[in-house]
Amino acid sequence: MDFDLTDELIAVRDLARDFAEKEIGPTAAQDDRERRFRRDLVSKMGELGFYGCVIPEEYGGSGLGALALMLITEEIARVHSAMRVFINMQVGPAVTLLQFGTEEQKKKWLPPLIRGETVGCFAITEPDAGSDVAAMRATAARKNGAYVLNGTKIWISNAPVADRALVYAYTDRSQKHKGISAFYVDLHQPGVGRRSLETLGAHASPIGELTFENLQVLEENRIGNEGEGFKICMWQLNQTRLSCAAGALGVARAAREAAVSYCNQREQFGQKIGQFQMNQDLIAQMVVEEEAARLLVYRAAFLADRKRPNNLEVSMAKYAAAEAAAFAADAALRILGAYGYSTEFPVERYFRDAKSYQIVEGSSNIQKLIIAQDALGYRKANR
Ligand code: GRA
């Protein structure tokens with residue numbers, strides 16, 4: 001086992017850290033408060049090659065790999081969690097196109113996604129289909145050699161601002177999950193409706209509803225074969241889930257850093273508050289949970305880079321990192337007291353943002369279900 005990062009990975013991580021601290025950090029609080037969509041930063045992350053790590057050079061990527069992508073994501077999320085969502089919205093569709101798209105589709109759609117020229121998103125969730133993906137109701141009915149897409153997708157990151165969406169819908173309801181298909185859809189067309197939604201955290205990451213009303217989708221926009229959509233979706237979630245885990249790791253780290261810094265600065269009862277064992281208890285737990293999550297995230301990425309199955313490892317990483325972030329943000333808030341609760345300091349933002357990781361990309365309960373079913377021998381996660 002080698003726990004050292006290569007010089008190349010260290011350089012990528014440092015580039016992301018520097019960018020996050022200099023370009024994202026100074027306006028993070030304001031972007032959050034004003035719910036600003038920072039299209040300029042989405043472009044800059046594209047220019048820096050952040051979206052291209054897992055994409056080969058021939059399609060505009062760098063091929064640096066999944067571990068590089070996780071290091072970048074962690075650094076961005078550490079400074080502003082909402083900003084790492086954009087990475088997932090570009091890379092999620094891109095990596096799925098790479099895996100399941102035709103040569104023509106990849107050549108046409110990957111480079112603009114990787115450069116950040118096309119703003120991407122993916123649309124799985126519906127009002128009645130969250131954890132239960134196969135319960136979706138959206139349909140894509142074949143008509144005159146094309147498809148007519150109808151349905152409502154909700155809680156879709158980037159829905160208010162995206163140019164393109166990877167959309168999952170039933171082409172044949174009678175086939176249950178084997179009747180779902182995947183489409184890469186242009187959202188600037190008649191038949192697409194959008195509605196913004198407000199959430200507790202990640203305010204600088206626009207989220208909302210997408211409605212499709214008799215939207216014409218050409219056959220050339222279908223990804224994979226008809227009926228392969230559920231398999232494609234599960235494959236995609238295995239990639240985007242890991243990206244969320246890295247994001248959660250960044251938030252856990254930010255909260256831990258804030259707590260440690262405050263412990264070393266604040267004095268009460270004649271001594272630094274870090275001297276109090278009740279605070280040390282919280283700090284120790286934060287440090288260990290964060291580091292354990294980091295090792296799990298890196299290992300899952302290490303396996304991805306070696307093209308080895310990692311569904312179980314991704315679920316463990318996502319579960320551990322989401323819980324570490326929620327714990328760390330809560331603990332930091334306890335330690336900072338009123339300064340944690342105050343909206344003038346960033347810890348309350350970490351607290352709001354941390355909660356999202358227990359919900360998105362398969363809730364903590366879904367990850368536990370996958371892990372436990374594997375351990376009990378009911379259903380292997382790595383198939
Ligand atoms: O045996 P079979 O041929 O019928 O196939 C089954 C199974 O082998 C079939 O699907 C296959 N399958 C897979 N294939 C490849 C299942 N999992 C995988 C896989 N990982 N890879 C049906 O399987 P099943 O287990 O019976 O399916 P299920 O019970 O309907 O669902 C399983 C499960 C609950 C795990 C799944 O639905 C799931 O992951 N749910 C969580 C949904 C989720 O993660 N949503 C995320 C929404 S997007 C989002 O949050 C965006 C956030 C953006 C951001 O913040 O960055």
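## Salt bridges, a ligand and a buried alanine

At 63% relative accessibility, glutamate 198 counts as exposed. Keep in mind that this is a predicted model as we follow this residue to its partner. The side chain of glutamate 198 meets that of arginine 35 in a salt bridge, with 3.7 Å from N to O. Glutamate 198 sits in the loop between strand E6 (192-196) and strand E7 (207-218), while arginine 35 belongs to the loop between H1 and helix H2 (39-47); the two are 163 residues apart. Arginine 35 is partly exposed, at 34% relative accessibility.

Now let us turn to another pair. Aspartate 32 forms a salt bridge with arginine 352, and their closest N and O atoms are 2.8 Å apart. Because aspartate 32 lies in helix H1 (residues 7-33) and arginine 352 in helix H10 (residues 347-357), the pair ties together parts that are 320 residues apart in sequence. Aspartate 32 is buried, with a relative accessible area of 5%, and arginine 352 also counts as buried, at 12%.

Arginine 78 is buried at 16% relative accessible area, whereas glutamate 257 is partly exposed at 25%. Both residues belong to a network of salt bridges that also includes Arg17, Glu21, Glu74 and Arg253. Across the whole structure, a search finds 33 salt bridges.

Next, the ligand. Of the 23 residues around the ligand, Arg84, Asn88, Glu361, Arg379 and Arg383 come nearest. The shell divides into ten nonpolar, seven polar and six charged residues. Which atoms approach the oxygen atoms of the ligand? A polar side-chain atom of arginine 241 lies 2.8 Å from one such oxygen atom, a polar backbone atom of glutamate 361 is 2.7 Å from an oxygen atom of the ligand, and a polar side-chain atom of arginine 379 lies 2.4 Å from a ligand oxygen atom. Taken alone, the ligand exposes 1100 Å², of which the protein buries 74%.

Finally, visit alanine 129, in the loop between strand E1 (122-123) and strand E2 (139-143). Alanine 129 is buried, with a relative accessible area of 1%. Leaving aside residues up to four places away in sequence, alanine 129 touches Ala135 and Met136.

Methods: Residues are numbered from 1 along each chain as its sequence is written. This is a predicted model: local features need pLDDT of at least 70, side-chain atom pairs count only at pLDDT 80 or more; totals for chains, interfaces and linings use all residues. Side-chain values use heavy atoms; hydrogens and water are left out. Helices (H or I, at least four residues) and strands (E, at least two) are DSSP runs, numbered from the N terminus. Buried means under 20% relative accessible area, exposed over 50%, partly exposed in between (1.4 Å probe, protein chains only). Contact means heavy atoms within 4.5 Å. A residue is near a molecule or strand if one of its heavy atoms lies within 4 Å of it. A polar contact is a pair of N or O atoms within 3.5 Å; within protein, one must be able to donate a hydrogen and the other to accept it, and residues adjacent in sequence count only if both atoms are side-chain atoms. Accessible areas come from the Shrake-Rupley method with a 1.4 Å probe; for residues, only the protein chains shown count as cover. Ala, Val, Leu, Ile, Met, Phe, Trp, Tyr, Cys and Pro count as nonpolar, Asp, Glu, Lys and Arg as charged, and the others, Gly among them, as polar. A salt bridge is a side-chain nitrogen of Lys or Arg within 4 Å of a carboxyl oxygen of Asp or Glu.
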